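Welcome to a short tour of a protein model. Open your viewer, keep the selection tool handy, and follow the stops below.

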Amino acid sequence: MSVDQLAWEAAVRHLFEDAFPYDATGPRRHEDCILDVLALMAGPYRIPGVLGGWFSQDIVDEFPDHDAAVADYAATTDRHLVAHLVGELHELHALPLDEGEYALAAAEVGMEVGSPEPFSYGAWLQAVAATLSG
């Protein structure tokens, strides 16, 4: 790969808008950097826990549907974290991903259930960002 570790870490700090005092990137593992970015977004220093915390296998026991889970997240989460998640969802949606890659991204950040009908993963993630923005 043509990117050295220092350049990769600098790019990651820029991706996170230099907001974190500690960046744990790990090595580049894929020729396609999108796969490395998705792995990074699933790391411990990111906040997309909404997908794992609210969209686990237990969703059917806790919420009547996906919309109720999103509403609960919005009502019980600090507004700054909500805004940060919205930004990350917009950034994810801006990547040139196909539907399979959106499904992989959702799984990588902890989503254990499918997107609700009639949404694809990409469309649902975009709808979540719109809902949380409104």
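## A walk through the model

Of the 134 residues in this chain, 35% count as buried. Keep in mind that you are looking at a predicted model.

**Stop 1: the whole chain.** Switch to a cartoon view. You will find 8 helices and 0 strands, so reading along the sequence gives the pattern α-α-α-α-α-α-α-α, with helices and strands taken from DSSP runs.

**Stop 2: the core.** Now select Phe55, Trp124 and Leu132, and show their side chains. In the largest nonpolar core, which has 23 residues, these three touch the most other members. Next, colour helix H5 (66-76), helix H6 (79-94), helix H7 (99-108) and helix H8 (121-133): these are the elements that give two or more residues to this core. As background, nonpolar side chains tend to be buried together in soluble globular proteins.

**Stop 3: a residue in H5.** Stay with helix H5 and select Ala68, which has its place there.

**Stop 4: a charged patch.** Turn to the surface and select Asp58, Asp61, Glu62 and Glu112. Together they form a patch of negative charge. Finish by zooming in on Glu112, in the loop between H7 and H8. With a relative accessible area of 44%, Glu112 is partly exposed.

Methods: Residues numbered from 1 in each chain as written. Predicted model: local features only at pLDDT ≥ 70, side-chain atom pairs only at ≥ 80, totals over all residues. Heavy atoms only, no water. Core = buried A, V, L, I, M, F, W, Y, C linked by side-chain atoms within 4.5 Å. Buried < 20%, exposed > 50% of the residue type's maximum accessible area, 1.4 Å probe, protein only. Helix = DSSP H or I, 4+ residues; strand = E, 2+ residues; numbered from the N terminus. Patch = residues over 30% accessible without salt bridge, like charges linked within 9 Å, V, L, I, M, F, W, Y side chains within 5 Å. Areas by Shrake-Rupley, 256 points an atom, 1.4 Å probe, with all protein chains shown as cover. Salt bridge = Lys/Arg side-chain N within 4 Å of Asp/Glu carboxyl O. Lys, Arg positive; Asp, Glu negative; His and termini not counted. Charge placed at Lys NZ, Arg CZ, Asp CG, Glu CD.
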